[in-house]
Amino acid sequence: MVTGLKRVLEDLGSTVLGAAALPDEVCAEITGVHIYDPLDELPAISDGLLLGVGVEGEDRVSALLGELGERGAAGLVVKALGDPGPALQARVRQTGVALLGLTRAASWAQIAALLRSLLSEGEVGDTENEADLFAVANAVCELLDAPVTIEDRSSRVLAYSVRQEEADEYRVETILGRQVPERFVRLYEEMGFFRRLYQSREPLYLAVEGMLPRVAIAVRAGDEILGSLWATVREPLGAQREAAFADAAKIVALHLLRQRAGADAQRRLRTELLSTVLAGGEQAAEAAARLDLATDRVRVLAAQLSGPAEGPNARTESERQRFCDALALHVGAIHPRAAAALVGGVAYAVLPLNGDGSRARQVAEDFLARIGARHSANIGIGRLAGSTTGIARSRADADRALRVLQSRGVTGAAVDFRDVHFESLLLQLGDLAASQEQPPSGPYERLAEHDRDHGSDLLPTLAAYLESFGNINEAAASVQVHPNTFRYRLRRLGEIAGLDLGDHDVRLAMMLQLRLYGSTTERSRLGRSDDARPRRRPRM
């Protein structure tokens, strides 16, 4: 089987392997993994990946790249190379052999086993890693003669061995819930056990009154903590069993890396397919079929974390992905053929619904209530669709509804596109005016110029009048002037701008321009008070 170099980089780059220098085109297929032996001739390595164990220095790396280029190799992996200089980068482009760097803390055995497992599977995501993980737990159980659990960083049980009945009631509770009970997580944190566990590379013994002792070791890939391995014991491990436990943690690390690589590959595939469905076009129907996605009577939900926008970084992307995973779990529990994926910072869900689709809003509100303690987010809901073409339109609706919520500055809200349709059109009109560089003109422009040149407040006066439906007293109170003063300003702005406020078309035009361009001049936005004079309180 073969696996593309680009796919290997995508799956393993964030963990132990990274691109030091790449040729102009990264399209090589990797057919095998070979270990470098300086005392032997290079093997037949066409389209293979060479692990350069002990290869150091730019001169040696450059020479080896030349030899590999002659043999048609796909890439060379060296350890802790650092940033290659211009000469080495040019050598990579000349030979067409990718130069990859292995994290200093990672082992060659780890990367060799992981790469070979990926190559043997062909498609990285086509594995039964969970079953493999249970088999590993059983093997460790036999090795230590003790029941074992494998847990992630959040103390969720990923796999467990047989013989759990030999452990105490707390281990049974953990297995049944697939999660270490919260009270024990807090206890271990207060004891500082997790801190010591993740700092140590050796097994740690834990004795807590009222429960059987545990021995635990961090499962790591290089410097990254992937989870932990736990065994329920009667006494501390001897030196031989302790060493075996530490070796077992390395095997577990390989399986967890494979599991994550598979999950990442599956997630990318689903994201690509759902993106195709959401975009519509010729490939949408085929992509929907591959997702086994219902396309009759569905609505699209567009969910996005609220708060200040941040640039792309690992923490932000991880938070967005966790948010999308939670949405996928939520809609999947409602309908087995629902689909969700993170596309461009927005988590989209295609939710099949019965009837008129009115349940979509309740689904969205339930999700926001469920994740409210961890995430602040908004959700826009698109129209009911009955085809793949309709799904693309529903996605566009959901995006517009989401934007309306963002423009309002709210959070924790779900809105149906039908309820904010006109507000969405106004935002689109503003976009059109901005894209075509169409500044305000006519009466609005004349009033804005007068306010700017004379320090007046004619635009705010007009806005208050229109917002109050022509109620002079209410409008005057809103801008804190006497009604007679307000009437004078109203007559004055009519004369300056040539406005007939008795004409409903004129009122509509001015309301739209006030909405698009605002009701305050540049000076008033900067905090200028009314002519720097104290305001008179309106008479009651």
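Modeller: Start with contacts in the chain between residues at least 6 apart in sequence: 61% of them join residues at least 24 apart. Keep in mind that this is a predicted model.

Colleague: Noted. How many helices and strands does the chain have?

Modeller: There are 20 helices and 17 strands.

Colleague: And what percentage of the residues is buried?

Modeller: 47% of the 540 residues in the chain.

Colleague: Switching to helix packing. At roughly what angle do helix 2 and helix 3 cross?

Modeller: Roughly 5 degrees, and their axes come within 9 Å. Helix 2 covers residues 58–70 and helix 3 covers residues 86–95. Angles under 35 degrees count as roughly parallel, so these two helices are roughly parallel to each other.

Colleague: Which residues make the contact?

Modeller: From helix 2, Glu58, Val61, Ser62, Leu65, Gly66 and Gly69. From helix 3, Leu88, Arg91, Val92 and Thr95. By type, that contact has 4 nonpolar, 4 polar and 2 charged residues.

Colleague: Next pair. How do helix 13 and helix 14 cross?

Modeller: At roughly 85 degrees, with the axes coming within 9 Å. Helix 13 is residues 388–408, and helix 14 is residues 421–435. The range 65 to 115 degrees counts as roughly perpendicular, so helix 13 is roughly perpendicular to helix 14.

Colleague: Which residues meet there?

Modeller: Helix 13 brings Arg400, Arg403, Val404, Ser407 and Arg408. Helix 14 brings Glu423, Ser424, Leu427, Gln428 and Asp431.

Colleague: How does that contact divide into nonpolar, polar and charged?

Modeller: The contact of helix 13 with helix 14 has 2 nonpolar, 3 polar and 5 charged residues.

Colleague: OK, aromatics. How many aromatic pairs does the structure hold?

Modeller: It holds 9. One of them is tyrosine 188 with tryptophan 230, which is stacked. The centres are 5.8 Å apart, with 20 degrees between the planes.

Colleague: Where do those two sit in the chain?

Modeller: Tyrosine 188 is in helix 7, residues 182–191. Tryptophan 230 is in strand 12, residues 224–232. They are 42 residues apart, and the pair links distant parts of the chain.

Colleague: Is tyrosine 188 buried or exposed?

Modeller: Tyrosine 188 is buried, and tryptophan 230 is too.

Notes:
Residues numbered from 1 in each chain as written. Predicted model: local features only at pLDDT ≥ 70, side-chain atom pairs only at ≥ 80, totals over all residues. Heavy atoms only, no water. Axes fitted to C-alpha atoms, helices over the stretch in contact; angles between N-to-C directions. Helix = DSSP H or I, 4+ residues; strand = E, 2+ residues; numbered from the N terminus. Parallel < 35°, antiparallel > 145°, perpendicular 65-115°, else oblique. Contact = heavy atoms within 4.5 Å. Nonpolar A, V, L, I, M, F, W, Y, C, P; charged D, E, K, R; others polar. Buried < 20%, exposed > 50% of the residue type's maximum accessible area, 1.4 Å probe, protein only. Phe/Tyr/Trp six-rings, centres within 6.5 Å; stacked < 30°, edge-to-face > 60°.
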